[in-house]
Amino acid sequence: MATGVSSRGLTQLVRAGAVSRIGRGVYRIGDCIARPDPEGITRSMRVALSYESAAAWRGADLPYPPSHLHVTAPRSRGRRTDCVSGVRLHRADLAPGDLAVVRGALVTAPARTLADLARSMPLPHAVAVGDSLCRLGLLDPAGFQRWAAGLPCGPGRPAVVATATLLDPRAESVFESISRVDMAIAGLSAPLSQLDICDKAGRWIARVDFAWPEHRVVLECDGFEFHQNREAFERDRRRWSALTRAGWRVVVVTWRDVLGNPSYLTDLVGDLLAAAA
């Protein structure tokens, strides 16, 4: 309108498909995309991206893609007028420090985002998102632990504190994070993450996902996406054989093992550690 397009002219552009309406007072040039547009929704609804959507907007890895666009509005906001298909509306009283503008959209701050996820996600999944935020340099584990400890007592606080104590930015994937937390919940001794292992002559062999040096046990999280060709597949097998020759016992779990049956992972590692004790 600032460039001289009248209200009637704007309506004609919408009808012609040259412009699409995102929400009240918010338009996009071109056809409307099939799913809710994060930037447009935050502007039209006067809300902030939150929960999984805030983490994804910042580039964090998630266990699963969000099924809805998650946004947060003040508690005083009415309900019926804010119903939008594909959008999950949360209500909370957010302080100015809980918000930031990222690539044109209002988004909850990393600490607030992780706290919301800790209250709504299984612990391993929340820690996986937190690890990713740490890897991106958006969250400091020690700082978040202090922030979580300072939260007032109330529903969800124990989950936030538990998430804070388990963060480890050395985890290189969601897969590794979930595996590590499952083992911690099961009470298994904590492994070393991303350990470099050398043979008896001091030659480097491999960097492994998890290791218990006192038991000479290695756990590898084997993702299918890393074996897109035969060369990568064979390279991993030679690596595992080299570890075995150096006196390490190597076990491998897959994404399906961990997500579909967490007890398989914990039972497997528990039996190996017990046998090696």
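## Surroundings of F144

In this predicted model, F144 touches A111, L114, A115, L139, V160, A164 and L167, leaving aside residues up to four places away in sequence. F144 belongs to helix α6, which covers residues 141-149, and with a relative accessible area of 2% F144 is buried, because the cut-off for that class is under 20%. F144 and P262 are separated by 118 residues in sequence and, from C-alpha to C-alpha, by 27 Å in space.

## Nonpolar cores

F144 is also one of the residues with the most contacts inside the largest nonpolar core, a group of 23 residues in which V129, L139, V160 and L167 share that description. At least two residues of this core come from each of α3 (51-57), α4 (110-120), α5 (123-135), α6 and α7 (157-165). Apart from this core lies another, of 17 residues, which includes V174, C221, V253 and V258.

L167 has contacts that reach beyond nonpolar side chains: with residues up to four places away in sequence not counted, L167 touches L114, V127, G130, D131, C134, L139, P141, F144 and R180. Two of these partners, D131 and R180, form a salt bridge with each other, the closest N and O atoms being 3.0 Å apart. This pair links distant parts of the chain, since D131 lies in helix α5 and R180 in helix α8, 49 residues apart. Both D131 and R180 are buried.

## Helix α8

Helix α8, formed by residues 174-185, has twelve residues and reaches 16 Å from its first C-alpha to its last, close to the 16 Å expected at 1.5 Å a residue. Ten of those twelve residues are buried, so α8 is largely enclosed by the rest of the structure. The buried residues are V174, F175, E176, S177, I178, S179, R180, V181, D182 and M183, and V174 is among the members of the core of 17 residues. Just after α8, G187 takes a positive phi of about 80 degrees.

## The four-stranded sheet

Four strands make up an open sheet in the order β8-β9-β10-β11, and their pairing is mixed. Strands β8 (192-198) and β11 (249-254) stand at the edges with a single partner strand each, so one side of each has no neighbour in the sheet. From one strand to the next, the twist averages 50 degrees. Strand β10, residues 217-222, runs parallel to β11 and is joined to β11 by six bridges; within this part of the sheet, L219 stands opposite V251 in β11.

Two helices are in contact with the sheet. Helix α9 (residues 230-245) packs on the sheet and touches β8, β9 (204-212), β10 and β11, its direction making about 80 degrees with that of β9. Helix α11 (residues 262-276) lies across β9, β10 and β11, and runs at about 175 degrees to β11.

E220 is buried, with a relative accessible area of 4%.

## Other salt bridges

A search of the whole structure finds eleven salt bridges. Side chains of opposite charge can pair when their charged atoms come close. D93 lies in the loop between β5 (87-91) and β6 (99-102), whereas R75 lies in the loop between β4 (69-73) and β5, so the pair ties together parts that are 18 residues apart in sequence. D93 is exposed, with a relative accessible area of 57%, and R75 likewise counts as exposed, at 52% relative accessibility.

A network of salt bridges links D98, R112, D116 and R119. D98 is placed in the loop between β5 and β6, yet D98 is buried, with a relative accessible area of 15%. Not counting residues up to four places away in sequence, D98 touches V107, T108, A109 and R112.

Notes: Residues numbered from 1 in each chain as written. Predicted model: local features only at pLDDT ≥ 70, side-chain atom pairs only at ≥ 80, totals over all residues. Heavy atoms only, no water. Pairing = 2+ DSSP bridges. Axes fitted to C-alpha atoms, helices over the stretch in contact; angles between N-to-C directions. Contact = heavy atoms within 4.5 Å. Buried < 20%, exposed > 50% of the residue type's maximum accessible area, 1.4 Å probe, protein only. Expected span 1.5 Å × (residues − 1). Core = buried A, V, L, I, M, F, W, Y, C linked by side-chain atoms within 4.5 Å. Salt bridge = Lys/Arg side-chain N within 4 Å of Asp/Glu carboxyl O.
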